[in-house]
Each structure stands twice: as structure tokens, then as C-alpha cells.
Amino acid sequence: MSAPTAPLTPSLTPAFSARARRKAVAGWFFVLPALLLYLFFVIYPFVTSVYYSLTDWDGAQPIKRFVGLGNYQKLLGDNLMWEALWHNVIWVIIGTISPIVIGLLLGVLLWTGTRGRIVFRIVYFIPVVLAEVVVAIILNWIYHPIFGALNEILRSVGLDSLARGWLGDPATALPALLVTAIWGYYGFCFVIIMAGLQNVDIDLVEAATIDGANGWQRFIYIIVPQLSHVLTMITAFTLIGGFNVFGIVFVMTQGGPGTATQVIATYTYRRAFQMSELGYGAALSMVMTIVSLIASYIFIRLRERQE
Amino acid sequence: MNVSNAGSLPGGQEVRAERDLYHSGLKVLGVIVRYGVLIFFALVCLVPLFWVVSTSLKTTREISFSPFGLPAEYRWSTYVQAWTVGRFGKYFMNSVIVTLPIVSFTLALCSLAGYGLARLHFRGVNFIFYLFLIGLMVPFQSVMIPLFYLLKEIGFLGTYWAMIVPSIALGLPFGIFFMRAFFAGLPQELGDAAEIDGCSEWGVFWRVMAPLAGPALSTLTVLSFMGAWNSFLLPLIYMQKENLRPLVLGLMFFRDAYTQNIPLTMAGATIVMAPIIVVYLLFQRSFIQGLTAGALK
């Protein structure tokens, strides 16, 4: 599953030095086009972003006034920022656990030689290939307050009192968005868990069966521990995605009603591009960067440990 | 997962027969529950899609009195209307125009750099590798604001380049990381033999290594294609001109303009999702492999 990593330090012997030099020159030529593009369009803007976050620039003035850590101080006292970050935390927790649980359930059910495995796999993965905007529009229609499927179903089983404008009600808007995200994502978790299940030692499971472990015990004590590395991978992956979530929220609620579904990415977009507070927006984007860096660092460390 | 320990009862023919019956009953129940759950989640994936298509073929009135029924009359004219009013033809071409160069340059630049970092050792190779690794960790949001002004300054804003070039650059870290791992996994002797036969470094790469990279390249193709095709925030900021909008962005503005006309909106959504679902079904193996490579490789 994971390709071996190249040794980072080559061993050079004098006899090969001419060849080594030729390789070194060639190496630069191979790497240079990508490196230049990367430096100019990623690293340079990143450094500039840090600089912007220390100014109060509005995008129009020719001069960017340096305010030091002013934006960051403002950030700490910004209740909306904390609220948005809190929504991200909820998003990450529920948006990570639920698709993994569903993926595990489906994975285990299909693992033990169920027929039609390939067909199920193809079907579960369909929402994963759809663009966020498409997923958002589909679920928007399902949540439609008057004609939406969800309310129609509730009314048809006599639960009229539960029918509501799911996205317009501050109490249900965030859960409704989360369901949307999970709908578009559980197939992804399922496929990865299936891949992990290929490596689970079936003899161990059989031995446990002979020893009298029931299905639930086999699942918790034998299968899940052997899947731990796949599960940490998905968790880390989903964690990063959950802190950067933008499209679904932007298309479905724009962060509303009020601020009920504002997340850090939509809030950053709002301050930077709709309110033209570039400096403050840049500071907000640094919050996302720091959170992502921490999550990615953990991800990479876990990955290294497994190699 | 079907439950199997019913507890052991003292011997006796009848008891055993009874127990067998009990067991086979449980087994059947297990199978029913298992398929029930599997089919339920399959329907959760499929029913909304069918519902979108069926809604798109109804009249606005029909939606209110028969929300779940099939359309009484298939109104394909809604699609003609969506296609012309929504300018999806134009947006589709825009998506193709930006996606093709993004995918091809991503493949070319990532294989070159990945190969260079994996097999041609030079001073600073570690540093460059870690520099790209940082890019794997920073979200798009952390560069989006200055990138806007950079693109404006160099005259890319208002052209297709505003989406093409940043998408390639932002895709480099993972692509290089991925290709480097692939090339590092090829046996060392392969290049040595070709070198002895008089191949240049370029020759080794182009004639020996690159032809072996097919599977890795197809994975990267899917990943970069889907990234570009479904990209949303980047064109939202950098492709604001109406005639530059890619498909996904066009759909969003279309939805905003025709919120009240539900069949028309659903026709738009169908136009956007249908091609990608068809392509996915044709190449499902590579799609699944490509899209999960980030978490698996």
C-alpha cells in the first residue's frame, strides 16, 4: 500500500563522482520547472499572506499600514470567530465519527463474502465523485421547506409537527449541513476501510470464533485493532477537510441563518472578499493554516510510524 | 457478523435438531438484516439522484401535488431551456479548457520533479523535498488572498490562466510526493543498465522509467481531473467574469437566479452531474483508486 521511500542521502564514492555530478545537474533540470512555479504561486503568496495579516489593508489603499499583531489581538476577542471555530469543531467530531461508523458497518457486512460486493462499492462511491455544489443543491432540494422530500416523508407518516425549514432554523441548520457532508463522504470512508479489511488476518477471526467470541466481540477485539492504522488515516484526512470545509456551507446557507452555520472558511471569505478586510481576512486564514498544520503534522507522523 | 453462539445445551438428538433449526433461522435472519442494511445505504445514495432527475421532468405544479410520483409527462423542454438560459454549453467548454492543461501540466511537472527527487541526487534535494512537503499541509485559504492580487498584477485575472496556473501549482505538492514514492520504488538496476547502454539521464527517464509509470499516472490523472473539474472556491474568487465560469460555478449562479423554478434548477444539476457519473461508471476502478490515493498511499 505504501511505496518505499527513497534514501534521502546518497552515498557517493569517488569513482562515480563524474556520474554523480552529471546526475546532480540533471536533477536540477528535472525539478526546476515545478520548483519555480511552486515558489512563485504558493510559497511567495503564503509569505505575503503572513505579511498581510500584520496590516490593516482593505485591498484598495496603495499603502498597507503595519499594525503588528493587532489583527491577532482583535481575533482573540472576536466572538464570531470563536463561534465559527466551534462550528468547525462540531463539524470535525460528528463529520468524522459518523462516516467512519457507517463505513465500518458496510465494510464488515460486505467483507465476509457477501455477493454483489463490486456493485455495492460502485454505488456507495457515486456521491464521492459529485462536486460539492451539486451535492449541496441535491440536499437543498430534499430540505426544501414546502416540497422537500424530508418534510413530505414526515407528513406522510403523520409527523407533521417535525416538518420544518431545515436550513432556515438555527437549531437544525448545522446538523442538516453535516448530514449533507456525510452523504457525500461515507462512500469514501467505506472504500478505504474495505482496503484495510483486505489485510485483516482471517485466521485470527476464525480462531476467535472457535474460542466462542460472538460477532460483536470479534468486531471490537479482533477486527478494529487490525484496522487501527486505516482508521487513523481517515480520521486525520477528515480532520483536515473538516477544518477547511467551505463549498457545502457557502452554497446551502452562506453561514446563516444569522451565524448559525458560519465556519472559519466562510467567515474568512466574508471578511476578506465581501467586507474587504484583507488584513483581518489574512489573519483568519492563518488560524486555518495553524489548525491544518497541526492536523497534518500528526497525520505525517502517524504515517511515518507505520512505514 | 451473524451471531453464532447460542450457548451449549446438554446433548440429546432432539435438542440438537432444535438447535440446528434455531441456528439456521438465525442465519437467515442474519442474511436478511445484512442485505437490508447494505441495500438501505445503497438507496440512500441513489434515491436522491433519481428524485432530482424525476423532479427536473415535472411541471412546477406537479411537484406540489405529486412530489414522489414519476412525472406524468416527461418535459424534456426544461433541459433545452436550462441548456440555453443556463449557458451550460459555454460553461462546459470553460471547464474543458481549464481542466486539460491543468491535468497535463500536473502530470508532466510532477513526474519530472518526482523522478528528480527520487533518483537524481543533488545538493539540496532534501530541502526541496521538505519545501514541497509544507505545501501538502497548508490549505488553499492561506494563499488565496495574496494570490488574487498576484494574478491581477501579472494580468492573469479575467483570463483562463487565473484558474489554470494556480491549480497546477497547488497540485504540485501531492503529485510530487506521490510520483517520488513511485519512482523510488522502481529497482535501481533498471536505470543502471540503460546508462551502461549509453542512455543520457533524460533517456533513462523517458525511455525506461516513464513507460513504467502508467498506473501511477492514471491515479494522478483522476485526482487532478476531479480536483480541477469540481473545484469551487478557487474559480469563485479568480474567475468572476461570467464568460469564464466553469461548470460547477455556473451551476451555483444558475441556482441563485432561478431558486423559485425548481424543475429548471434540477435540470441544471442533472446536466452537471450526469457526465461525471457516466465517466465514473466507465472508469470506476481508476476513479476509486485515484480518489482514495491521498488517504491510502
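This report describes the domains, chain contact, core, helix packing and selected loop residues of a predicted model.

## Basis of the description

Residues are numbered from 1 along each chain as its sequence is written, while chains are lettered from A and ligands numbered from 1 in the order in which they are written. Because the model is predicted, local features need pLDDT of at least 70 and side-chain atom pairs count only at pLDDT 80 or more, whereas totals for chains, interfaces and linings use all residues.

## Domains

Chain A is assigned domain 1 (14-52) and domain 2 (70-306), the bounds coming from an automatic or database domain assignment. The C-alpha centres of these two domains of chain A are 36 Å apart.

In chain B, the assignment gives domain 1 (13-56) and domain 2 (81-296). Here the C-alpha centres of the domains are separated by 40 Å. Contact between the domains of chain B involves four residues of domain 1 and six residues of domain 2; two residues are in contact if their C-beta atoms, placed from the backbone, lie within 7 Å. On the side of domain 1 of chain B that touches domain 2 of chain B, two residues are nonpolar, two are polar and none is charged. In this classification, Ala, Val, Leu, Ile, Met, Phe, Trp, Tyr, Cys and Pro count as nonpolar, Asp, Glu, Lys and Arg as charged, and the others, Gly among them, as polar.

## Contact between the chains

Chain A and chain B each bring 88 residues to their contact. On the side of chain A that touches chain B, helix α1 (residues 17-52) of chain A gives the most, with 20 residues; helices are DSSP runs (H or I, at least four residues), numbered from the N terminus. That side of chain A comprises 64 nonpolar, 20 polar and four charged residues.

## Nonpolar core

The largest nonpolar core contains 169 residues, and Ala34(A), Val133(A) and Val134(A) have the most contacts inside it. Such a core is a set of buried Ala, Val, Leu, Ile, Met, Phe, Trp, Tyr and Cys residues joined through C-beta atoms within 7 Å. A residue is buried if 20 or more other C-beta atoms lie within 10 Å of its own, exposed if 12 or fewer, and partly exposed in between.

Apart from its neighbours within four places in sequence, Ala34(A) contacts Leu109(B), Cys110(B), Leu112(B), Ala113(B), Leu172(B) and Ile176(B).

## Helix packing in chain B

Helix α12 (residues 247-257) and helix α13 (residues 262-282) of chain B have axes that come within 10 Å and cross at roughly 175°. The angle makes α12(B) roughly antiparallel to α13(B), a term for angles over 145 degrees. Axes are lines fitted to C-alpha atoms, for helices over the stretch in contact, with angles from 0 to 180 degrees between N-to-C directions.

From α12(B), Leu247(B), Val248(B), Leu251(B), Phe254(B) and Arg255(B) meet Thr265(B), Gly268(B), Ala269(B) and Val272(B) of α13(B). The residues of this contact divide into six nonpolar, two polar and one charged.

## Loop residues

Ser276(A), in the loop between α12 (264-274) and α13 (278-306) of chain A, has a positive phi of about 55° although it is not a glycine. Ser276(A) is partly exposed, because 13 C-beta neighbours lie inside 10 Å. Arg87(B) also is not a glycine and has a positive phi of about 55°. Arg87(B) belongs to the loop between α3 (77-85) and α4 (88-119) of chain B and is partly exposed, with 18 other C-beta atoms within 10 Å.

Asn199(A) occupies the loop between α8 (186-197) and α9 (202-210) of chain A. Asn199(A) counts as exposed because it has 11 C-beta neighbours inside 10 Å.

Conventions: Helices (H or I, at least four residues) and strands (E, at least two) are DSSP runs, numbered from the N terminus. Angles under 35 degrees count as roughly parallel, over 145 as roughly antiparallel, 65 to 115 as roughly perpendicular and the rest as oblique.
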